[in-house]
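Morning, everyone. Please look at the screen while I talk.

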Amino acid sequence: MQRFLVPLTWLAFPVYVWQGLGVRRRTTRMLPAQGPVMHEIPGQAPAISLLMLGDSSAASVGIGNSEYGLAAQLAKLISQRTGRAVRWRAAGFNSATSGQIRDHVLPNLSADPWTHIVLAIGTNDTKNFHSVRRFKSDFGGLLYALRAKWPEARVVWSPVLEFTRAPAMPPLLGKILEIRAAEMNRMGERLCLERGAVPAPRLPITDAEAGFASDGFHASEAGYRAWAEHLVGLVLADEPHVA
């Protein structure tokens with residue numbers, strides 16, 4: 001039933017524009033976290049190489065230091081569970097969409113031997129009112145490109161979070177975007193299964209007050225920690241020896 005509501009959201013487009021402009025006026029634009037975007041954690045061989053790729057969540061927007069961002073916290077959990085060395089890189093960019101990552105970021109990444117790739121992408125595709133057809137082309141093309149460049153990597157996609165749980169979202173705007181997000185996630189899951197990636201379950205938001213940053217949209221340190229804990233088991237599911 002939910003998917004049949006997507007065309008109706010176009011009727012609410014004036015509401016989306018009006019309330020969206022209000023959110024933009026009220027919300028302080030936050031910058032990516034300070035600190036390293038590449039790091040190594042010592043441990044046993046063979047090392048695990050983790051690439052975090054995507055939008056502002058991959059860039060740890062919402063917090064002050066990248067040490068507490070999604071990539072770094074996920075790398076720490078991987079190291080703790082496996083005892084192995086972990087080399088990680090975060091390639092995340094404010095406001096990035098799937099098509100922008102496919103066209104402008106991926107071609108400029110060196111072909112380092114990443115063993116695990118986590119995608120945090122789709123929120124801006126949804127927020128920018130991209131059609132599901134466009135998302136299919138952009139996100140599907142991104143998956144193809146990743147598979148061509150790193151055919152042996154485990155690729156995990158973290159789907160779009162619940163817009164209705166973000167404190168910055170007015171209730172009606174949140175519902176409009178949530179209808180579209182549900183369909184984006186349905187399409188994203190299908191594409192992952194077709195193209196050699198693993199779709200993660202949606203991150204459950206149990207404490208919005210603690211989980212979001214001061215802008216009410218990006219994650220806080222606690223939010224990124226919960227997100228990393230949510231993903232780590234799925235990221236390591238193909239590892240034979242996990243502590």
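This is a predicted model: local features need pLDDT of at least 70, side-chain atom pairs count only at pLDDT 80 or more; totals for chains, interfaces and linings use all residues.

Residues are numbered from 1 along each chain as its sequence is written, and side-chain values use heavy atoms, with hydrogens and water left out.

The protein chain has nine helices and six strands. These are DSSP runs, numbered from the N terminus: helices are H or I with at least four residues, strands are E with at least two. Of its 243 residues, 53% count as buried. Buried means under 20% relative accessible area, with a 1.4 Å probe and protein chains only.

Now helix α3. It has 13 residues and reaches 18 Å from its first C-alpha to its last. That is close to the 18 Å expected at 1.5 Å a residue, where the expected span is 1.5 Å times one less than the number of residues. Ten of the 13 residues are buried, so α3 is largely enclosed by the rest of the structure. What covers them includes strand β1 (38–41) and helix α9 (221–235). Just after α3, G83 takes a positive phi of about 75°.

Last, one residue. Q73 lies in α3, which runs over residues 70–82. Is Q73 buried or exposed? Buried, with a relative accessible area of 7%. Its side chain reaches the backbone oxygen of Y68 at 2.6 Å. Beyond neighbours within four places in sequence, Q73 is in contact (heavy atoms within 4.5 Å) with residues including E67, E221 and R225.

Note on methods: Buried means under 20% relative accessible area, exposed over 50%, partly exposed in between (1.4 Å probe, protein chains only). A polar contact is a pair of N or O atoms within 3.5 Å; within protein, one must be able to donate a hydrogen and the other to accept it, and residues adjacent in sequence count only if both atoms are side-chain atoms.
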